[in-house]
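User: I would like to learn how to read the fold of a protein from its structure. Could you guide me through the one shown here?

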Amino acid sequence: IQMRKRKPVKPTVGVLMIDVKQVAARCGLGVSTVWKLASKNSQGFPSPVVINARCKRWRTADIESWVKGLA
């Protein structure tokens, strides 16, 4: 049986949650620095949302507002 190719689905609302690599890229930081800031909650860095024991994500709006607050 041959499978049909699916068309890629683009989110209409935008990306609401991002992982640590995406946070690091948006903030211009290293991944380990993001984890340090998140664990100490220093400089007003947003806390991640715990999805499960091995999955944590940040709200895109929280990260963007933190970056704007640095300027």
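Predicted model: local features only at pLDDT ≥ 70, side-chain atom pairs only at ≥ 80, totals over all residues.

User: Let us begin with the overall plan. How many helices and strands does the protein chain have?

Analyst: The protein chain has three helices and three strands. Along the sequence they follow the pattern β-α-α-β-β-α. Of the 71 residues, 21% count as buried. Residues 24 or more positions apart account for 41% of the contacts with a separation of 6 or more.

User: In which order do the three strands form the sheet?

Analyst: The order is E1-E3-E2, in an open sheet with antiparallel pairing. E1 and E2 are the edge strands, since each of them pairs on one side only.

User: How many bridges join strand E2 to strand E3?

Analyst: Three bridges join E2, residues 49-52, to E3, residues 55-59, and the two strands run antiparallel. Val 49 has Arg 57 of E3 as its bridge partner, and Asn 52 stands opposite Cys 55 in E3. With two residues between them, E2 and E3 form a hairpin.

User: I turn now to the helices. Which residues of helix H3 are buried?

Analyst: An α-helix has 3.6 residues a turn, so residues three or four places apart point the same way. In helix H3, residues 60-70, the buried residues are Thr 60, Ile 63 and Trp 66. Seen down the axis of H3, these residues fall within an arc of 130°, so they line one face of the helix. The face turned away from that buried side carries the exposed residues Ala 61, Lys 68 and Gly 69.

User: What do the buried residues of H3 pack against?

Analyst: They pack against strand E1, helix H1, helix H2 and E3. As for its placement, H3 lies across E1 and E3, running at about 55° to E3.

User: Thr 60 was named among the buried residues of H3. Why does Thr 60 count as buried?

Analyst: The term applies to residues under 20% relative accessible area. Thr 60 counts as buried because its relative accessibility is 8%. Leaving aside neighbours within four places in sequence, Thr 60 is in contact with Val 15, Leu 16, Met 17, Ile 18 and Arg 26.

User: Which residues are buried in H2?

Analyst: In H2, the buried residues are Val 34, Leu 37 and Ala 38. They cover an arc of only 100° around the axis, which puts them on the same side of H2. The face of H2 turned away from this buried side carries the exposed residues Lys 36, Ser 39 and Lys 40. H1, E3 and H3 are included in what covers the buried residues of H2. Just after H2, Asn 41 takes a positive phi of about 50°.

User: At what angle do H1 and H2 pack?

Analyst: The angle is about 100°, with the axes of H1 and H2 9 Å apart. H1 is therefore roughly perpendicular to H2. The contact of H1 with H2 has six nonpolar, no polar and one charged residues.

User: Which residues of H1 and H2 meet there?

Analyst: From H1, Val 20, Lys 21, Val 23 and Ala 24 meet Val 31, Val 34 and Trp 35 in H2. Val 34 is also one of the buried residues of H2.

Methods:
Residues numbered from 1 in each chain as written. Heavy atoms only, no water. Pairing = 2+ DSSP bridges. Helix = DSSP H or I, 4+ residues; strand = E, 2+ residues; numbered from the N terminus. Buried < 20%, exposed > 50% of the residue type's maximum accessible area, 1.4 Å probe, protein only. Arc of directions from axis to C-beta. Contact = heavy atoms within 4.5 Å. Axes fitted to C-alpha atoms, helices over the stretch in contact; angles between N-to-C directions. Parallel < 35°, antiparallel > 145°, perpendicular 65-115°, else oblique. Nonpolar A, V, L, I, M, F, W, Y, C, P; charged D, E, K, R; others polar.
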